[in-house]
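Subject: Structure handover

Hello,

Here is the structure for you to open alongside this message. My notes come after it.

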Amino acid sequence: MPTSNRETYFNQPDEQGHFGPYGGVFVAETLMQALEELRLNYEKYLHDKSFLAELDADLAHYVGRPSPVYHAGRWSRELGGAQIYLKREDLNHTGAHKVNNTIGQALLAKRMGKTRIIAETGAGQHGVATATVAARLGLECVVYMGAVDIVRQEANVYRMRLLGAEVRAVESGSKTLKDALNEAMRDWVTNIDNTFYIIGTVAGPHPYPAMVRDFQAIIGREARQQMQQQTGRLPDALVACVGGGSNAIGLFYPFLDDKAVAIYGVEAAGDGLETGNHAAPLCAGRPGVLHGNRTYLMEDDDGQIIETHSISAGLDYPGVGPEHAWLKDCGRAQYVAVTDSEALAAFHALTRVEGIIPALESSHALAYAAKLAPTLERDQIILVNLSGRGDKDIHTVAALEGIEI
Amino acid sequence: MSRIAAIFKSLRAHGRKALIPYVTAGDPKPGITVSLMHAMVEAGADIIELGVPFSDPMADGPVIQRASERALVHHTSLRDVLEMVREFRVDNAQTPVVLMGYLNPIEMMGYEAFGAAAAEAGVDAALTVDIPPEEAGELLLALNRDALDAIFLIAPTTVGARIETICKTASGFVYYVSLKGVTGASHLDIAGVEQKLNEIRRTTDLPIGVGFGIKDAATAAAVSKVADAVVVGSALVSRVEALADRPDAIAPALAELLAEMRQAMDANH
């Protein structure tokens, strides 16, 4: 495993939001004041006792934290190698890790006196998690969603509407997640005075990548303690799926300075990296600037962003959080990719062998863990972030098998 | 003296204001852009702002987004846009051309390669929407090396010391975005604009262009009373869109609107 000799990985980003050459603030002047206001408030409340107490109470009583760590003993035996443990973010309220972040940002919005929440969503999980906290705090909520995704994720659209959110269809560009993000930014520029933009992943301009990481790092902090309690030591390897990369950075971050712990981020290889039909900017993309930060992107030779493909809508994004770009370059984390069909196989395996239906996003992490486990000894430990539950995906899986439900 | 500085000096001497039309290069098809540039100059444009199409134009409203999409159907690239400027320069040596667009196509080409190629093609300045002065150091070095001006935006929300930072970084002119929102929005408040321009003028001698919300002769005339330059984009691009299937009619339609604006602006003086 390549490792760097860096003393600590906890000193990123710098004051301007740079993770090495990545991150930063690449937005039009019209957004600078709003980002500055957000940065100042985030830095203030990150250390504010009453804010943190309110956040902790919500995470415990509303989200249901801590989420358990579960030893997938039967699946581990079947794979014939390392022991696989699962961090059960699928058991959170709303069924995924997304709510850890939306709770944090919504509480921040309330402290800042904002009355209106906007968000972008791809698969709809972040939209649902945002609509949920907006409902609970009595905030107006508008969710931007690509017109193509609205058709693909009808159930989540209805969920958001039940929760009182207005779902606005985005008809520009490829009509998917990246275009929803563009549209949410446009709304924010226009309604800066009363509006808080809850970004769902560790991308976007500073302070979003750092702020979303800090709200998601609860995953890794809990897991680090739980592994020590349950196994008496730290795991040998961490595995998490990476779209924008929020569940992955949430798990990885507290372990970054535990240099004996190998870290694997798993991107969506779609039909296969060699086909070009994938969503794996770290494995097969190039650095560039999109959505307010410099990072690895899926782009053509003219610098235009290209359309991505993954069976999992949550991984179907042409960029990736800048901290992952930096961790890749300095060798602390390794980024790999698994195909749609490998992810599907893992989806079925975990469902049949452990009685847990994983999200298709998380199934990418499981698929890589299934490859890694047989290469390790039986007394070694792999911790996988089971970032979400798969109930939302049963229509997709059924359709692939020609079943109508 | 740069072409941009020269034009503002000459306009000032005659008590006139600059009219700066924007079109997206390659919209609705690449072959038409150079002729549109010439037609706009004939109708009274002092500086041409040429949009470089980008797949994710985050700061633009629907009108200019769709222009980018139409241009990208034909894969209009940054290199193609530079080629259009070179072709424009064959018949026009004096009208400044400002490229307006997003950073990623420039990153892909490389800052130094872009600066050299742009200067060589006859470009005068770059307005890169998504690079604030804090991130612009390396790009500015490349632009300066090739004597290209760097235009920056100032927003209604830009205050105090930040206005000063931007004005110190900018050259050619500064571009005041006259309202909160994206391109193509409405509700222009002239008194508010004037107040902000006075604030900006306390920190810089650079000419100030005002854009966003200028849609007809009346708004152009009103803005030209307080600004040094009037930038008009979405109003023109809407006409391109409406005539996309009748490309021969586009140049006269743009010329008509610009001539009305020119006349109304000059009548102020």
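The notes below go through a strand, the salt bridges, the cysteines, a surface patch and some backbone details.

Please keep in mind throughout that this is a predicted model.

Strand S5 of chain A

I start with strand S5 of chain A, residues 116–121, where six of the six residues are buried.

S5(A) has strand partners. It pairs with strand S6 of chain A (residues 140–146) in the parallel sense, over six bridges. In that pairing A:Ala119 is opposite A:Val143 of S6(A). Between S5(A) and S6(A) the chain passes through helix H5 of chain A (residues 125–137), and this β-α-β crossover is right-handed. S5(A) also pairs in the parallel sense with strand S8 of chain A (residues 195–198), here over four bridges.

Salt bridges

Over all chains, the structure holds 50 salt bridges. I describe a few of them here.

A:Arg152 and A:Asp316 form one, with their closest N and O atoms 3.7 Å apart. This pair links distant parts of the chain, as its two residues are 164 residues apart. A:Arg152 belongs to helix H6 of chain A (residues 147–152), and A:Asp316 sits in the loop between strand S12 (292–297) and helix H13 (322–329) of chain A.

- A:Arg213 and A:Asp214 have their closest N and O atoms 3.1 Å apart, and both residues are buried.
- A:Lys392 and A:Asp393 have their closest N and O atoms 2.8 Å apart, and both of these residues are buried.

There is also a network of salt bridges that links A:Arg116, A:Glu140, A:Glu166, A:Arg168 and A:Asp187.

Cysteines

A disulfide is a covalent bond between the sulfur atoms of two cysteines. How many disulfides are there over all chains? The count is zero. Take A:Cys330: the closest cysteine sulfur is that of A:Cys283, and because the two sulfurs are 16 Å apart, they are too far from each other for a bond. A:Cys330 counts as buried, at 16% relative accessibility. A:Cys141 is buried as well, with a relative accessible area of 4%.

Surface patch and a loop residue

A:Ile357, A:Ile394, A:Ile403 and A:Ile405 make a nonpolar surface patch of about 350 Å². Of these residues, A:Ile403 lies in the segment that follows helix H16 (394–400) of chain A. Its relative accessible area is 44%, so A:Ile403 is partly exposed.

A:Leu163 is in the loop between helix H7 (154–162) and strand S7 (166–170) of chain A. With 31% relative accessibility, A:Leu163 counts as partly exposed.

Backbone details

Most residues other than glycine have a negative phi, and most peptide bonds are trans. The following places depart from that pattern.

In chain A, the peptide bond from A:Gln12 to A:Pro13 is cis, with omega near -5 degrees. A:Pro13 is in the segment before strand S1 (18–19) of chain A. In chain B, the bond from B:Asp27 to B:Pro28 is cis, also with omega near -5 degrees. B:Pro28 lies in the loop between strand S1 (18–24) and helix H2 (33–42) of chain B.

Positive phi values occur at two chain B residues that I looked at. B:His75 has phi near 55 degrees and is in the loop between helices H3 (62–73) and H4 (78–91) of chain B. At 59% relative accessibility, B:His75 counts as exposed. B:Phe212 has phi near 85 degrees and is in the loop between strand S7 (208–211) and helix H10 (217–226) of chain B. B:Phe212 counts as buried, at 10% relative accessibility.

Regards

Terms used. Residues are numbered from 1 along each chain as its sequence is written. Chains are lettered from A and ligands numbered from 1 in the order in which they are written. This is a predicted model: local features need pLDDT of at least 70, side-chain atom pairs count only at pLDDT 80 or more; totals for chains, interfaces and linings use all residues. Side-chain values use heavy atoms; hydrogens and water are left out. Patches are made of residues with over 30% relative accessible area and no salt bridge: like charges are joined within 9 Å, nonpolar side chains (Val, Leu, Ile, Met, Phe, Trp, Tyr) within 5 Å. Accessible areas come from the Shrake-Rupley method with a 1.4 Å probe; for residues, only the protein chains shown count as cover. A salt bridge is a side-chain nitrogen of Lys or Arg within 4 Å of a carboxyl oxygen of Asp or Glu. Buried means under 20% relative accessible area, exposed over 50%, partly exposed in between (1.4 Å probe, protein chains only). A disulfide is a pair of cysteine sulfur atoms within 2.5 Å. Two strands pair if DSSP finds at least two bridges between them. A crossover is right-handed if, with the strands pointing away from the viewer, the path from the first strand over the helix to the second runs clockwise.
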